[in-house]
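Here is a guided walk through one structure, taken a piece at a time. Have a look around first, then read on.

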Amino acid sequence: MTADGAGPTLVLVIAVGVLVATGVTLLLERSLSRILLGVILLGNGVNLLILLGGRSGVAPVVGTAPTGEMSDALPQAMVLTAVVITFGLTAFLLAVAYRSWYLSGDDEVQDDLEDRQVVRLAERNEVSTADLGGEGPDNDPEQVDPGPALRRLRRRGDQR
Amino acid sequence: MTAALVPLPVVVPLLGAALTLILANRPRLQRSVSVVGLATTLAVAVTLLVEAYRHGPVVVQVGGWPAPVGIVLVADQLAALMLVVSSAVTLCVLLYSIGQGRGETSESAPVSIYHPTYLVLTAGVTNAFLAGDLFNLFVGFEILLAASFVLITLGGTETRIRTGSTYVVVSVLSSMIFLAAVGLVYAATGTVNMAQLAGRLDGLPDGVRLALQLMLLLAFGIKAAVFPVSAWLPDSYPTAPAPVTAVFAGLLTKVGVYAIIRTETLLFPGGHADRLLMVVAGLTMVVGILGAVAQSDMKRLFSFTLVSHIGYMIFGVALSSVAGLSGAIFYVVHHITIQTTLFLVAGLVEERAGSTDLRRLGGLARVAPLLAVLFFVPAMNLAGIPPFSGFLGKLGLLQAGVAARGVLPGVLVGAGTVTSLLTLYAASRVWNIAFWRSPRLATADPTVPLPALMVGATAALVVLGVGLTLAAGPLFEVTADAATDLRARTPYVRAVFPAGVP
């Protein structure tokens with residue numbers, strides 16, 4: 001950052017842009033380890049962006065410099081928190097990528113269930129789920145029509 | 001006095017999480033700690049709601065640091081109401097999962113980390129509701145997301161890792177967008193305190209203001225699963241264990257909706273994004289429910305109805321009238337309860353019949369009549385059949401839409417009605433196939449009876465859902481009051497800065 005407090009230098013702004021752009025590009029990949037790198041780069045870009053939001057200056061320690069020349073301490077505090085959070089999420093993503101590799105031999109993110117189902121149905125040239133609710137009472141042995149009560153009575157009488 | 005209560009809904013679950021982690025080897029003690037912790041949270045939340053309704057927002061300055069520098073926790077009526085509903089639901093789901101844990105024998109290892117993670121998730125949700133500070137809201141989101149990552153990949157099986165990785169990446173991306181928006185808001189205004197932002201954002205140039213608003217809306221939209229960015233949800237939720245899916249479906253998306261309500265009322269009033277939000281809300285409703293109609297698995301079907309009904313809440317927010325907001329808040333309360341119940345019932349069906357696939361189910365009404373009742377009531381409630389709260393919520397929203405007069409609200413009212421009918425179709429389809437037709441293979445085998453605690457917890461939520469119907473009058477009074485406060489903005493700002501905004 002510039003020492004005269006005139007705002008962020010162009011270099012830092014470009015750095016943010018490059019970090020975010022590479023991060024987003026890597027996020028679009030299939031393999032989880034590349035996505036992981038993308039998350040790290042994107043996270044760093046965003047953290048740098050927050051830092052640029054505050055006033056630049058000397059270290060904000062009371063007594064070392066006049067208050068007007070100090071940098072803004074709040075974005076630094078926020079970035080510290082955000083860095084810790086990004087670190088934690090990255091660690092978790094790493095664990096997921098490792099587990100994925102352990103289970104399936106690669107760490108590629110597969111198509112979702114719906115996509116695969118659609119592809120499978122298209123290969124076999126079938127329609128998707130038919131409505132399965134429409135079946136008559138005849139199929140259910142417990143729902144056979146008992147018939148009018150009179151006839152039943154008579155039949156019972158015949159058998160005796 | 002009551003100000004001291006405000007941090008408790010965050011602190012108690014966090015301490016409980018630490019305790020349960022220590023007590024990992026003593027399952028019985030671990031369970032009682034979690035239950036006591038969440039019951040305390042519920043009691044505190046009810047007290048806060050009463051206090052906020054009677055005397056206005058309750059504010060605490062964390063660590064005694066005065067407001068614009070330090071962090072504030074604010075329990076206004078909206079936040080307190082959300083707290084009450086969310087803690088009631090989390091408590092019921094916790095009891096359900098305890099009941100399930102007793103039934104299962106194989107999954108002993110993950111259970112020890114289940115309770116701490118679950119409590120951390122609760123703490124994240126309550127922190128997001130109470131945050132009076134944009135950055136603290138971000139932290140709340142991160143707490144709940146980190147916990148949800150662990151819960152959604154619980155056990156680390158192949159399907160859970162596959163769907164979990166999508167969920168993790170999408171969530172991280174939305175967090176990054178949110179974080180960037182927070183940074184830009186700070187750069188533009190020099191503060192992240194929401195009460196102070198309310199004044200300072202008004203002074204920004206229109207273009208900057210709209211850009212910040214859209215960025216926040218995008219971040220919260222991903223979390224709330226609003227249509228163009230909703231595809232992650234129906235794929236990732238159904239594979240998790242039943243109680244986890246239930247609590248995610250009930251709470252996590254609603255935290256996003258809550259954040260959207262805050263953004264649209266406190267930070268960016270004036271409705272610059274209203275037309276966009278309305279279009280998005282309509283598409284969310286219709287596309288979501290069409291997805292539900294095409295599904296053949298109960299859990300996936302309910303995931304799609306979840307996405308679809310988020311549209312109703314966004315519609316209410318987009319109307320930016322007191323009636324619309326009030327309807328939206330009522331709908332959030334209703335939907336948290338009902339959607340959670342339905343996922344719990346799906347879990348019971350899985351426990352009873354071994355599957356939630358509609359192609360393998362049938363005749364449950366005959367085999368398990370109680371289960372059928374437990375499904376039927378919330379399903380009809382979701383579809384909006386008259387006596388239930390779903391009907392009242394939809395009616396409130398549609399009335400607000402008609403009162404708004406205009407082509408777009410009119411179209412939205414039509415879309416809402418169609419969605420309601422299609423929900424009824426989807427729900428009755430599940431009813432017909434899974435419960436009404438003759439028993440299938442999957443259900444014919446004799447099974448052990450369902451654990452009483454699971455059934456009890458589900459029944460409690462069903463009763464809570466019906467209770468919302470009976471208490472709809474007073475509840476609508478609270479939501480209308482909350483909506484008026486939100487529109488006015490001054491009660492919130494004055495509560496945070498009693499001596500005027502610095």
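Is Ser320(B) buried, partly exposed or exposed? Ser320(B) is partly exposed, because 19 other C-beta atoms lie within 10 Å; a residue counts as buried with 20 or more such atoms within 10 Å of its own, exposed with 12 or fewer, and partly exposed in between, with C-beta atoms placed from the backbone.

Before going further, some housekeeping. This is a predicted model, where local features need pLDDT of at least 70, side-chain atom pairs count only at pLDDT 80 or more, and totals for chains, interfaces and linings use all residues. Residues are numbered from 1 along each chain as its sequence is written, while chains are lettered from A and ligands numbered from 1 in the order in which they are written.

Back to Ser320(B), which sits in the loop between α12 (298-319) and α13 (322-353) of chain B. Helices here are DSSP runs (H or I, at least four residues), numbered from the N terminus. Ser320(B) isn't a glycine, yet it has a positive phi of about 40 degrees. Most residues other than glycine have a negative phi. Arg405(B) is another non-glycine with a positive phi, of about 50 degrees, and you'll find it in the loop between α16 (389-403) and α17 (407-436) of chain B. Arg405(B) is exposed, with 8 other C-beta atoms within 10 Å.

Now for chain A. The axes of α2(A) and α3(A) come within 10 Å and cross at roughly 175 degrees; axes are lines fitted to C-alpha atoms over the stretch in contact, with angles running from 0 to 180 degrees between N-to-C directions. That makes α2(A) roughly antiparallel to α3(A), a label for angles over 145 degrees. Where these two helices touch, the residues split into 15 nonpolar, seven polar and no charged. (Ala, Val, Leu, Ile, Met, Phe, Trp, Tyr, Cys and Pro count as nonpolar, Asp, Glu, Lys and Arg as charged, and the others, Gly among them, as polar.)

How do the chains meet? Chain A brings 38 residues to the contact and chain B brings 34 residues, where contact means C-beta atoms, placed from the backbone, within 7 Å. On chain A's side, α2 (32-52), α3 (73-104) and α4 (113-124) each give two or more residues. α3(A) gives the most, with 14 residues. That side of chain A holds 21 nonpolar, eleven polar and six charged residues.

Technical notes
Two residues are in contact if their C-beta atoms, placed from the backbone, lie within 7 Å. Angles under 35 degrees count as roughly parallel, over 145 as roughly antiparallel, 65 to 115 as roughly perpendicular and the rest as oblique.
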